[in-house]
Amino acid sequence: MTGGRLPNKNRHTQDIEWQREEMPAKRGKPRRVLIVTKGESERARETFDGVEFVWNDFSAIGSCDWMVVYDEMGRDCVALPDGAHAVLVTAEPPTIKRYPPAYTRQFAAVLTSQPHPFIRHPGKFLLNGAMMPYYNPSPVLPPRTELLSTVCSSKNQRHTQHHKRLRLTRALAKLLPEMTWFGQGVRPIARKAEALEPFRYTIAVENHFAPRHWTEKPTDALAAGCFLFYAGAPDFGDYFPHEAFRAIPVDDPARAAAIIREAIAEDAYGKGQTAIAEAQRLIRERYNLHARVLYAITHTPEAAILQASATRLLRSRHALRHTLRGFLSESWQWLRCLPSWRGLAGRAPEGDAP
């Protein structure tokens, strides 16, 4: 797995990039973890690796050792019990959402794919599959009678890479008439399983292209048992078997279509069954929200725990904006990161995934 500290080009700062992976644990697993999301809809309690995960049930916060905020917590503030700490999971790239220091400093650990200068934190871990999936398996899997699908909405923003994603998908729809195109604004679906489970092959295109940044788009496809054609993180092959997917370029539809046709002609789906099964195992055991949260909790440096210990009242980004400290923090981050944001908005992908 990739990771580790990246070179710090500014000798005057003490910023830390992502914590090293596979380092020794610093503490044991918690008993119970509360996960809160902006929607605050409760769901069944889940157990992973012996730890109970409670969703959006604030009445259980007193019995939880840790709290996880998935992007936003849906209320202005939450009081943390004595001895409890919080983890932030970011859900968006820096071109879409800002997480100012006044917000991130409240957390003992941050799971994110946002690099410097966008997020600086002593307990910063790679996101690596912690984004919530949109794919939930059907009780009975249908036969894979269909060939090729993709899920792509009609979003066309130019401050992100949505426009490149849509442009590639439109071109592939013409070059590959056998492709079935699903997505909001195109062909809506009630469940993502409808666009994956009946198909042997599927195409996933990110809306942000950077090393170490991959979302639920490719992992949903692999979890559903599809052979994946992927335009996104150039290091995606560091995490999943190469035989389970093939990279396609986002800026060359003709080449992408040729790669897809060649793989289908070679029966990449049939030949890749072992690799796809291994990818599914990795998602079940390692690259999922529960596993990544537990890794961050058990491996967070003491310095990050100490920094977060001063926070007993956890404030949302919205609430912080109405304080002088929060306003100044967000304003300073905007000014400091403006050149980097502008560069990301217009930058081409950094190569194809291996």
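## Basis of the description

A polar contact is a pair of N or O atoms within 3.5 Å; within protein, one atom must be able to donate a hydrogen and the other to accept it, and residues adjacent in sequence count only if both atoms are side-chain atoms. The model is predicted, with local features requiring pLDDT of at least 70 and side-chain atom pairs pLDDT 80 or more, while totals for chains, interfaces and linings use all residues. Residues are numbered from 1 along each chain as its sequence is written, and side-chain values use heavy atoms, with hydrogens and water left out.

Helices (H or I, at least four residues) and strands (E, at least two) are DSSP runs, numbered from the N terminus.

## The loop between H5 and H6

Glu266 sits in the loop between helix H5 (253–265) and helix H6 (268–271). Its side chain makes a polar contact with the side chain of Arg246, at 2.8 Å. Contact in general is taken as heavy atoms within 4.5 Å; beyond its neighbours within four places in sequence, Glu266 is in contact with Arg246 and Lys271. Relative accessible area is classed as buried under 20%, exposed over 50% and partly exposed in between, using a 1.4 Å probe and protein chains only. Glu266 counts as partly exposed because its relative accessibility is 33%. Between the C-alpha atoms of Glu266 and Pro139, which are 127 residues apart along the chain, the separation is 31 Å.

Asp267 is found in the loop between H5 and H6. Asp267 is not a glycine, yet has a positive phi of about 60°. With a relative accessible area of 38%, Asp267 is partly exposed.

## Helix H4 and its surroundings

Seven of the eight residues of H4 are buried, so this helix is largely enclosed by the rest of the structure. The buried residues are Glu216, Lys217, Pro218, Thr219, Asp220, Ala221 and Leu222. They pack against H2, helix H3 (193–196), strand E11 (199–205), strand E12 (227–231) and H7. At the N-terminal end, Thr215 caps H4, with a side-chain oxygen 3.2 Å from the backbone nitrogen of Lys217. Gly225, with a positive phi near 90°, follows H4.

Lys217 lies in helix H4 and is buried, with a relative accessible area of 15%. Not counting residues up to four places away in sequence, Lys217 touches Arg165, Lys192, Ala204, Val205, Glu206 and Asn207.

## Two helix pairs

Two packed helices are described by the angle between their axes and the distance between the axes. Axes are lines fitted to C-alpha atoms, for helices over the stretch in contact, and angles run from 0 to 180 degrees between N-to-C directions. Angles under 35 degrees count as roughly parallel, over 145 as roughly antiparallel, 65 to 115 as roughly perpendicular and the rest as oblique. A crossing is left-handed if the near helix is turned anticlockwise from the far one by less than a right angle, and right-handed if clockwise.

Helix H4 (residues 216–223) and helix H7 (residues 273–285) pack at about 120°, with axes 8 Å apart; the two are therefore oblique to each other. Their crossing is left-handed. On the H4 side, Thr219, Leu222 and Ala223 meet Ile276, Ala279, Gln280 and Ile283 of H7. By class this contact has five nonpolar, two polar and no charged residues, where Ala, Val, Leu, Ile, Met, Phe, Trp, Tyr, Cys and Pro count as nonpolar, Asp, Glu, Lys and Arg as charged, and the others, Gly among them, as polar.

For helix H2 (residues 162–175) and H5, the axes come within 9 Å and cross at roughly 55°; H2 and H5 are therefore oblique to each other. The crossing is right-handed. Leu168, Ala171, Leu172 and Leu175 of H2 meet Pro253, Ala254, Ala256, Ala257, Ile260 and Arg261 of H5. This contact has nine nonpolar, no polar and one charged residues.

## Helix H8

In helix H8 (residues 289–299), 11 of its 11 residues are buried, and the helix is mostly covered. Among them are Arg292, Tyr295, His290 and His299. At the start of H8, a side-chain oxygen of Asn288 reaches to within 3.1 Å of the backbone nitrogen of His290.

## Backbone features in other loops

The peptide bond from His116 to Pro117 is cis, with omega near 5°. Pro117 is placed in the loop between strand E7 (109–112) and strand E8 (124–126).

Asn56 is in the loop between strand E3 (51–55) and strand E4 (66–70). Its phi is near 55°, a positive value in a residue other than glycine. Asn56 is buried, with a relative accessible area of 5%.
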